[in-house]
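Please find below a colleague's note on the structure shown here. The points run from the chain as a whole to single elements and one residue.

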Amino acid sequence: MKKLLAIFAIFSLIFTAAGCSSSTEEPAEKTTEKKTAELTESAKSKIYNSVRVAELKVNEVFHKEVAADETTPVINANFADEEKSVEFLSKYYSKELAKNIYTHYATEEKTAEGQMIINAEPYFTPSFLETNQEAVTIEGNENKATLKTNKNVTYQVELKDGQYVITSIEK
């Protein structure tokens, strides 16, 4: 009986060791290949929509409010200083690009109520919102891609924390 138990224990150990020693490198390599594979239509749609949403967020900060005279553009009161504006825009743009956008709009001028008067000239000319997905070319992979419009504007995007962030815009 002891011999039978000993044989059973040995076989159990052998099968356990064989099951645990199977190679896990191959699935990891396949996962890496998938992440850097060509862009799927779904990924292209996410990239395209991320660029649209990012421009809408700039409009939220800089093109939403006007002063009491109802003509002078002012910064959205929720993002009244550089720190708040850049922090908000950094969810959609690299920090450097968010600062660049803020610098484009910010002025030293204030209304009588103390609101910052902003540069009325849009940062995005032409507006990306005027394009459709068929009018853009998206190349790269799911982690880093380039989006080119038919108006010769190029956006570089990167996947960060599960969201596409614009890292550069070349006009």
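This is a predicted model: local features need pLDDT of at least 70, side-chain atom pairs count only at pLDDT 80 or more; totals for chains, interfaces and linings use all residues.

1. A contact, in this note, means heavy atoms within 4.5 Å.

2. The protein chain has a mean pLDDT of 87, and 78% of its residues reach 70 or more. Over residues 28-35, however, the pLDDT is below 50, and this stretch has four contacts in the model beyond near neighbours in sequence.

3. The protein chain contains five helices and six strands. Read from the N terminus, the order of these elements is α-α-α-β-β-α-α-β-β-β-β. Of the 171 residues in the protein chain, 31% are buried. The accessible surface amounts to about 11100 Å², and carbon and sulfur atoms account for 52% of that surface.

4. An open sheet is formed by four strands in the order E3-E4-E5-E6, with antiparallel pairing. Strands E3 and E6 (163-170) are at the edges; each has a single partner strand, so one side of each lacks a neighbour in the sheet. On average, and with direction ignored, neighbouring strands of this sheet are turned by 25° against each other.

5. Within the sheet, strand E4 (residues 144-149) pairs with strand E5 (residues 154-160) in the antiparallel sense over five bridges. Lys-144 has Glu-158 in E5 as its bridge partner. Helix H3 (residues 41-62) packs on the sheet and touches E3, E4, E5 and E6. The direction of H3 makes about 65° with that of E6.

6. Helix H4 (82-89) has a buried set consisting of Ser-85, Val-86, Phe-88 and Leu-89. These residues lie on the same side of H4, because they cover an arc of only 160° around the axis. The exposed residues Glu-83 and Glu-87 are carried on the face of H4 turned away from its buried side. The cover over the buried residues of H4 includes H3 and H5.

7. Helix H5 (95-105) has buried residues at Leu-97, Ala-98, Ile-101, Tyr-102 and Tyr-105. They cover an arc of only 140° around the axis and therefore fall on the same side of H5.

8. Is Ile-118, a loop residue, buried or exposed? Ile-118 lies in the loop between H5 and strand E3 (136-140). Its relative accessible area is 4%, and the cut-off for a buried residue is under 20%; Ile-118 is therefore buried. Leaving aside neighbours within four places in sequence, Ile-118 is in contact with Phe-62, Pro-73, Val-74, Ile-75, Tyr-105 and Thr-107. Ile-118 and His-63 are 55 residues apart in sequence, while their C-alpha atoms are 8.9 Å apart in space.

Methods. Residues are numbered from 1 along each chain as its sequence is written. Side-chain values use heavy atoms; hydrogens and water are left out. Helices (H or I, at least four residues) and strands (E, at least two) are DSSP runs, numbered from the N terminus. Buried means under 20% relative accessible area, exposed over 50%, partly exposed in between (1.4 Å probe, protein chains only). pLDDT is the predictor's confidence in each residue, from 0 to 100. Two strands pair if DSSP finds at least two bridges between them. Axes are lines fitted to C-alpha atoms, for helices over the stretch in contact, and angles run from 0 to 180 degrees between N-to-C directions. The arc is that of the directions from the helix axis to the C-beta atoms. Accessible areas come from the Shrake-Rupley method with a 1.4 Å probe; for residues, only the protein chains shown count as cover.
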